[in-house]
Every structure is written in C-alpha cells, then in structure tokens.
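Thanks for coming. I will go through one model briefly, starting with how its elements are named.

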Amino acid sequence: MDPADPANPLAPRAPTHNAVDFDALWTLGAALMADGPVVTAEEVDEVAEDHGVPRAHAWMALSYAPNVQVERTADIAVAVCCARCQLWGAGDLVADLLALRDARTAAGRLSFDLVPRGCLNRCSDAPVATGVLDDGVVGFVNATAAQVTELLDAVEAEAADA
Ligand code: FES
C-alpha cells in the first residue's frame with residue numbers, strides 16, 4: 001500500500017523525508033561487517049569518513065549489518081528505528097542523537113549508546129526510538145532528541161537525589 005495513503009494503518013501520514021539510498025547503506029553495512037563483529041563508535045564514524053557520507057548514514061547502516069555490534073560504553077542505550085521511519089525523519093533523529101551523545105559525554109553528563117535498529121513496531125508514530133535502562137524500557141514516538149534529553153536529565157536527577 002502506498003505509504004502516503006491515509007488508509008495505510010502502518011503509516012497514515014504522508015512521508016516528510018526521503019530514505020537514504022539503499023545501495024549506499026548496504027555498502028556501508030558491508031564495510032562495518034568487515035570491521036566487526038564488534039566496532040567502536042569511532043570506527044563507525046571512520047566508515048562514514050572513508051566513504052565521504054554524513055556520519056549518520058554509517059550509523060543507520062548498522063541496522064542493515066545484523067552481525068555487527070557497537071561496543072557498549074554507557075549504561076543506557078537508545079535504539080532508533082532506521083527502517084521505514086527514515087521516511088519520517090529517522091536520519092535527522094540519528095544525527096541529532098549523535099550530537100546529543102557527544103555533547104553530553106564531553107560535558108561529563110549522563111549519556112547513552114546509540115543502537116540503530118529495524119522496525120520497532122510503532123510505525124504509525126514515526127520516527128520511533130526506545131530508551132533501554134537497567135530497570136525498564138521507555139518508548140519515544142514522534143521521537144526527538146529533546147525527549148531523550150528529558151529522560152537523561154530525569155535519570156541524572158534521580159541519581160543525584162539517591
Ligand atoms: S518502521 Fe519504524 S517503527 Fe516500524
């Protein structure tokens with residue numbers, strides 16, 4: 001069914017963004033697999049640099065490289081759907097979250113690992129992300145970096161009060 005068709009129960013909104021060229025993502029995914037099975041965040045960034053593409057593209061390609069994991073460095077993970085949610089801004093969200101992660105890490109604030117994924121099953125509310133904490137999972141629909149910031153600030157404040 002046409003994704004712009006209002007009768008489409010999975011995405012009853014017209015797309016707002018274009019998807020990244022699939023062949024390009026596949027090529028990036030293959031490069032990541034060659035570096036895998038575990039890669040550092042810096043190695044993901046290097047793949048983007050080597051291919052002359054925006055940093056977010058190499059991160060998005062991780063969702064097409066199931067044999068590759070990014071080395072975990074934080075207690076909190078934020079998974080982002082990089083499947084059809086691309087049509088509603090998942091690529092911009094990945095770029096925003098990378099910038100947020102870097103800024104918080106540089107400032108010594110509570111940060112997170114970014115984990116690109118396939119469909120997270122809330123397609124009609126794209127873009128979709130989840131925050132995975134030790135004690136639960138938080139879902140973000142129409143997800144933004146501001147929502148993730150709010151979660152991190154709340155966890156940080158709770159830890160300070162404990
Ligand atoms: S395609 Fe993104 S949640 Fe399903």
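Helices here are DSSP runs of H or I with at least four residues, strands are runs of E with at least two, and both are numbered from the N terminus. Each chain's residues are counted from 1 in the order in which its sequence is written. The model is predicted, so local features are taken at pLDDT of at least 70 and side-chain atom pairs at pLDDT 80 or more, while totals for chains, interfaces and linings use all residues.

I begin with the backbone in the loops. Most residues other than glycine have a negative phi, and most peptide bonds are trans. The loop between β4 and β5 holds Asn121, and the phi of Asn121 is positive, near 70 degrees. Is Asn121 buried or exposed? A residue counts as buried with 20 or more other C-beta atoms within 10 Å of its own, as exposed with 12 or fewer, and as partly exposed in between, with C-beta atoms placed from the backbone. Asn121 has 9 other C-beta atoms within 10 Å, so Asn121 is exposed.

Pro127 also sits between β4 (113-117) and β5 (129-133). The peptide bond from Ala126 to Pro127 is cis, with omega about 0 degrees.

Asn142 is not a glycine either, and has a positive phi of about 45 degrees. Its loop runs between β6 (136-140) and α5 (145-161). Asn142 is partly exposed because it has 14 C-beta neighbours inside 10 Å.

There is another cis bond, between Gly36 and Pro37, with omega about 10 degrees. Pro37 is in the loop that links α1 (22-35) to β1 (38-39).

That brings me to α1. Its 14 residues reach 20 Å from first C-alpha to last, close to the expected 20 Å; the expected span is 1.5 Å times one less than the number of residues. Leu25, Leu28, Gly29, Ala31 and Leu32 of α1 are buried. They lie on the same side of α1, because they cover an arc of only 160 degrees around the axis. That arc is taken over the directions from the helix axis to the C-beta atoms. Asp23 and Ala34, on the other side of α1, are exposed.

What do the buried residues of α1 pack against? They pack against β1, α2 (41-51) and α3 (55-61), where contact means C-beta atoms, placed from the backbone, within 7 Å.

Val47, in helix α2, is buried because 24 other C-beta atoms lie within 10 Å. Leaving out residues up to four places away in sequence, Val47 touches Leu28, Ala31, Leu32 and Ala58.

Technical notes
Contact = placed C-beta atoms within 7 Å.
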